[in-house]
Amino acid sequence: MVKIIGVGKLKEKYLKQGIAEYAKRLDTFCKLELVEVADEKAPEKLSAAEMATVKEKEGARILAKIKDREYVYALAIEGKQRASEEFAAELDHLATYGHSAITFVIGGSLGLAPAVMQRSDDQLSFGKLTLPHQLMRLVLIEQVYRGFMIEAGRPYHK
């Protein structure tokens with residue numbers, strides 16, 4: 001089982017369509033669960049304390065969606081970058097050695113709360129570029145699909 005938890009409601013039609021396409025493709029390989037948790041409404045200019053409060057509230061919503069036995073990847077710029085082949089092998093290794101439930105967490109615009117980072121088993125980075133968190137859902141689901149295709153020896157990955 002693969003679960004992707006994202007903060008905020010996905011609004012853009014093209015992102016919804018892309019995610020739906022990869023979700024359909026992933027049906028062959030795994031049960032997929034897409035979970036949206038509400039983002040915390042906040043003004044543009046926030047103090048450090050207000051930012052921490054927003055992240056804590058979003059973090060509590062995220063943590064409520066994670067079960068004890070799930071292996072959790074937090075998506076974070078400071079996480080480890082992996083080549084697609086390395087990521088594929090890692091997912092396969094986790095599934096083979098007792099981690100049948102893998103959860104990916106994508107924070108809101110301010111990032112993830114420290115409590116979510118502490119709960120994570122690993123941190124994953126897709127580079128130092130800042131991407132909108134909604135777009136990151138599409139990028140992530142495509143990479144998960146790519147990982148399954150690589151491990152299956154199918155010709156998708158070039």
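Is the crossing of H1 and H5 left-handed or right-handed? It is left-handed, meaning that the near helix is turned anticlockwise from the far one by less than a right angle (clockwise would be right-handed).

1. Ground rules. This is a predicted model, where local features need pLDDT of at least 70, side-chain atom pairs count only at pLDDT 80 or more, and totals for chains, interfaces and linings use all residues. Residues are numbered from 1 along each chain as its sequence is written, and side-chain values use heavy atoms, with hydrogens and water left out.

2. The helix pair. The axes of H1 (residues 13-26) and H5 (residues 133-151) come within 9 Å and cross at roughly 20°. Helices here are DSSP runs (H or I, at least four residues) and strands likewise (E, at least two), numbered from the N terminus. Axes are lines fitted to C-alpha atoms, for helices over the stretch in contact, with angles from 0 to 180 degrees between N-to-C directions. H1 and H5 are therefore roughly parallel to each other (angles under 35 degrees).

3. The sheet. Five strands form an open, parallel sheet in the order S2-S1-S4-S3-S5, where pairing takes at least two DSSP bridges. S2 (32-37) and S5 (122-125) stand at the edges, each with a single partner strand, so one side of each lacks a neighbour in the sheet.

4. Helices on the sheet. H2 (residues 48-63) lies across S1, S2 and S4, at about 160° to S1. H3 (residues 84-96) touches S3, S4 and S5 (contact: heavy atoms within 4.5 Å).

How values were computed: Angles under 35 degrees count as roughly parallel, over 145 as roughly antiparallel, 65 to 115 as roughly perpendicular and the rest as oblique.
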